[in-house]
Amino acid sequence: MTHHTLRFPFQDSALPVARRVEDLLSRLTLEDKAGLMFHDVLPFAAGTGPAPELIGRRRLNHFNILGAAVNARDLAEWHNSLQEIALATGPGIPMTLSTDPRHAYTDNPGTSALAGPFSQWPEALGFAAVGDPDAVEEFADIARQEYLAVGIRSALHPQVDVFTEPRWSRGGMTFGESAEMAAELVGAYVRGFQTGTFGPASVSTMTKHFPGGGPQLNGEDPHFSYGREQVYPGGNFDYHLLPFKAAIAAGSRQMMPYYGMPVGTPYEEVGFGFNKGILTDLLRAELGFDGVVCTDWGILTEGDIFGRVFPARAWGVEHLNPEERMLKALDAGVDQFGGESCVELMIAAVRVGRLSEARLDASVRKLLAEKFLLGLFENPFVDAGAADATVGTPEFKAAGRAMQRRSYTLLKNQEFDGVPLLPLSTGTPTNVYAEGISAGDLGPAFTVVATAEQADVAIIRLRTPFEVRGEGFESFFHCGNLAFAPAEVERLTAICRTVPTIIDINLERPAVIPELAEHAAALLANYGSDADALLDVLTGRAEPEGKLPFDLPRSMAAVEASREDVPFDTENPVFRFGHGLSLTATDPAAALTATFGATR
């Protein structure tokens, strides 16, 4: 903004941020302040949808994009149209757009969006499998550039929960079962998104889900009432804090507490967003976090998700009304409410004296400082015409594809007459029986045949089993049983007995596969990959570097007997954390286990 257009001190970029914050704060109405403290969902769609109501009347100023984009330009233009509404509203505070991860393969509207025009990478588990902080920082830096091009300035990630309960549906987006590994990688993640100095080139990271969402009772997810309890039968609460300490040390700007309520700990048995012992005493006083605390989505009021009404995720405080829940969360130390737009509750509570305006000011200062530091007041718009030239460039997409290949984990490679099955030769035509991969994917070196009996080799792509818990939104959460049905095990092992069989399994959770591990000639794991990546690994054009980021349990009985909060706790797993072969050597590399598996 040029100097001659300045009307107020808050518009002057030459002034210190603290001075600009105080000047703008002094000009805000109660309605403006309340609006800043809600961070609702806004579906990406043609036109502005509910934005004029949410921005203009409710004064909301932070939005989480719901849904995927076809191209970057459309997303950038949509952002700019929203920004115009925000700048024409009240004091003209620029809007902040946020997103769940959208660079991998998970399609769950509550947790992650498909990559669309963005470069496509494995899930966080794939980075844990490689264990290379430089690769994590490269990804985060590329994702940052792609976000900036379309106007996304807040990342609702990294997700650094420690994946100690194998059944949990959210584990696929974590850095795995080792808290030490997650702690090593999260710093690189934060640096890549936020840059060396937090400023106009940064994307703010919201690390989640404090104090660690891994120890879910029976692995159920607390988006739903049957998953409301987090339990610590191993007394291992502090282990789950390690990655959060590392995120704070790296300067992560924001923190999201999880829905769950701790059971059997010294803390109050209420959801973490309502929990003063967790947010004020532990996060702020003990761990020294002074950034923004934003609740997970929908802890105050019930919400319609895809045509079905879900109760507020107010675990442990279900008996309180929405206003009482809001007051309890604010007292606990929350700065912002995710997935809510009930500003009238906050305004009314101030007007009748149940809530002080000074309490709002304490949170609004942090939220405004974030916008000033990000340079939103100077540059609220993005160059929509340039977005397609930055998002999903050939270089960025190539980096994502390279990481898909690196993260592949070779679990077994059987020898035939002293020669390992992999890599496959492409010099002579090979008859392949294929499931989950097409003839077009396999290319001219392979001829797809109809039955295993006709084949020289079988290639089968699988996904980790799961139980369908409900319809609609609930069905996106893959949880429960990790074992293939007996009939499917029999069918697959029959193929393995007929022809040397290569099984490639997408490990979004630790599948129970003792029979497949025994009968398959070669067994690979991926954490989100395309068919080209698999083929490059199978033919030796790419070297799989991945090591398992968790143990693979031997049975569901072993999973059920393990303690939710303790890593590496299933008895006699089929493959251990850190297991992974190379195509050029048959001994498993034990480096990861030596470094990070000592807690076993």
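Reply: One term comes before the rest. Buried means under 20% relative accessible area, exposed means over 50%, and partly exposed is in between. Note too that this is a predicted model.

Now to Gly339. Its relative accessible area is 23%, so Gly339 counts as partly exposed. Gly339 sits in a loop. Strand S12 (337-338) lies on one side of that loop, and helix H11 (343-351) on the other. What does Gly339 touch? Setting aside neighbours within four places in sequence, Gly339 contacts His39, Asp40, Trp297 and Gly298. Glu571 is another matter. Gly339 and Glu571 are 232 residues apart in sequence. From C-alpha to C-alpha, they are 40 Å apart in space.

Next, the interior. Nonpolar side chains tend to be buried together in soluble globular proteins. Here the largest nonpolar core has 153 residues. Phe210 and Met346 touch the most other members. Helix H6 (residues 133-150) gives the most to this core, with 9 residues. A second, separate core has 26 residues, among them Val457 and Leu534. Back to Phe210: its contacts include Leu241, Phe244, Tyr258 and Leu287, residues up to four places away in sequence not being counted.

Last, a sheet. It is open, with 6 strands in the order S13-S20-S19-S18-S16-S17 and mixed pairing. Strand S13 (409-413) and strand S17 (446-449) are its edges, each pairing on one side only. Strand S18 (residues 457-463) runs parallel to strand S19 (residues 501-506), and 6 bridges join them. Ile459 has Ile502 in S19 as its bridge partner.

Technical notes: Residues numbered from 1 in each chain as written. Predicted model: local features only at pLDDT ≥ 70, side-chain atom pairs only at ≥ 80, totals over all residues. Heavy atoms only, no water. Pairing = 2+ DSSP bridges. Helix = DSSP H or I, 4+ residues; strand = E, 2+ residues; numbered from the N terminus. Buried < 20%, exposed > 50% of the residue type's maximum accessible area, 1.4 Å probe, protein only. Contact = heavy atoms within 4.5 Å. Core = buried A, V, L, I, M, F, W, Y, C linked by side-chain atoms within 4.5 Å.
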